[in-house]
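I opened this notebook to record what I looked up in one protein model, entry by entry. The notes are meant for someone who has not seen the structure before.

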Amino acid sequence: MEPLFWPNIRLPVRNLRRKLKHGQLFWREVGQGQTVVFLHGSWHDGDQWSKVLMQVGRQYHCLAPDLIGFGESQRLQNKAAYSVSMQVNTLAELLDSLRLNSVVFVGHSLGAWVATRYALRYPDRVKAICVLEPEGLTYEPKRWRQERWLSSPLAGLWLSLLKPFARQPKPGRTSAWWQNYHQRQLLKRYPAACHMLFQRRRKDLEPEIVGTQLATLPMAMVALQGEGAGDASRQLTHSFTLVAPGAGVKILPGDDELPSYEAGAIADFLEHWLPTL
């Protein structure tokens, strides 16, 4: 395996796999010291954090797993087996097997949901939590209405029937059909996220909602948000401050999807924040 590089520093990244109860889990690992676990967003895998790992890994022990059903981790035949609780159990099994009893979580979107549920279950094992666009804070079925529809077989049939009438998008403009088509293709690549976020029944989903329980946790918490973030991202950050009133909010350069476009800014923040914990 060829080592990856950050300016003037040679950092070998270890790509590892382990068979766990719910399937084989893949993760990236680099560095030594305090363990920082990076959990990816709904429409990503652990590679989302690679650039951040290259910088933060100079001073800290960093792990970036692909959650079960994502990336190079095992995909389950039975989609009904996907749940946030299952992901928390698998993460706990991995950290136990690695004898990691004190970690800092950095979680984006679905990863933030898994991180906060883990912290609620094992508060003595979590030193701090940093979230970006956190999911799972409140029950919001209406917010995923379009995605729920686009991930359904009926939407696929509808798009196929309308395809002959769809105009090719002009430069700088995209028709509604093409927007829906590309969004459906994205959703199809992440069946685990689709099931966990908007294809489960309310009675199965609600017990996993974080809610006001987060206010009872003793560890440091902070939310990162881009200065040009859209309404949806800002609302998720606001919801986090409501359920975790002691949490801070740090505004960084950029818009949405900070891990993809502002890795350097995230890494710089973590390098200043982690020593204060």
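**Entry 1: ground rules.** I am working with a predicted model, in which local features need pLDDT of at least 70 and side-chain atom pairs count only at pLDDT 80 or more, while totals for chains, interfaces and linings use all residues. Residues are numbered from 1 along each chain as its sequence is written, and side-chain values use heavy atoms, with hydrogens and water left out.

**Entry 2: the whole chain.** I looked up the secondary structure and found eleven helices and ten strands in the protein chain; these are DSSP runs numbered from the N terminus, helices being H or I of at least four residues and strands E of at least two. The C-alpha trace spans about 60 × 45 × 40 Å along its principal axes. I then checked the radius of gyration, which is 19 Å and agrees with the value near 19 Å for a compact globule of 277 residues; this radius is taken over C-alpha atoms, and the globule rule is 2.2 Å times the number of residues to the power 0.38.

For burial I noted that 52% of the 277 residues count as buried, where buried means under 20% relative accessible area, exposed over 50%, and partly exposed in between, with a 1.4 Å probe and protein chains only. The accessible surface comes to about 13,600 Å², and 51% of that belongs to carbon and sulfur atoms; areas come from the Shrake-Rupley method with a 1.4 Å probe, and for residues only the protein chains shown count as cover. Among contacts (heavy atoms within 4.5 Å) between residues at least 6 apart in sequence, 72% join residues at least 24 apart.

**Entry 3: helix α3.** I checked the length of helix α3 (residues 110-121), whose end C-alpha atoms are 17 Å apart, in agreement with the 16 Å that its twelve residues should span at 1.5 Å a residue; the expected span is 1.5 Å times one less than the number of residues. How many residues of α3 are buried? I found eleven of its twelve, among them W113, R117 and Y118. The buried residues of α3 pack against several elements, including β7 (103-108), β8 (126-132) and α2 (84-97).

**Entry 4: salt bridges.** The structure holds eleven salt bridges, each a side-chain nitrogen of Lys or Arg within 4 Å of a carboxyl oxygen of Asp or Glu. One of them joins R28 and D45 at 4.0 Å, N to O. That pair links distant parts of the chain, with R28 in strand β4 and D45 in the loop between β5 and α1 (50-56), 17 residues apart. R28 is buried at 8% relative accessible area, whereas D45 is partly exposed at 22%. I also noted that R28, D45 and D66 are linked in a network of salt bridges. In another pair, E135 and R143 meet at 2.4 Å, N to O; E135 is buried at 6%, and R143 is partly exposed at 29%.

**Entry 5: a nonpolar patch.** Which residues make the nonpolar surface patch of about 750 Å²? I listed W149, L154, L157, W158, L161, L162 and F165. Patches are made of residues with over 30% relative accessible area and no salt bridge, with like charges joined within 9 Å and nonpolar side chains (Val, Leu, Ile, Met, Phe, Trp, Tyr) within 5 Å. Helix α5 (residues 153-162) gives the largest share, five residues. L157 lies in helix α5 and is partly exposed, with a relative accessible area of 47%.
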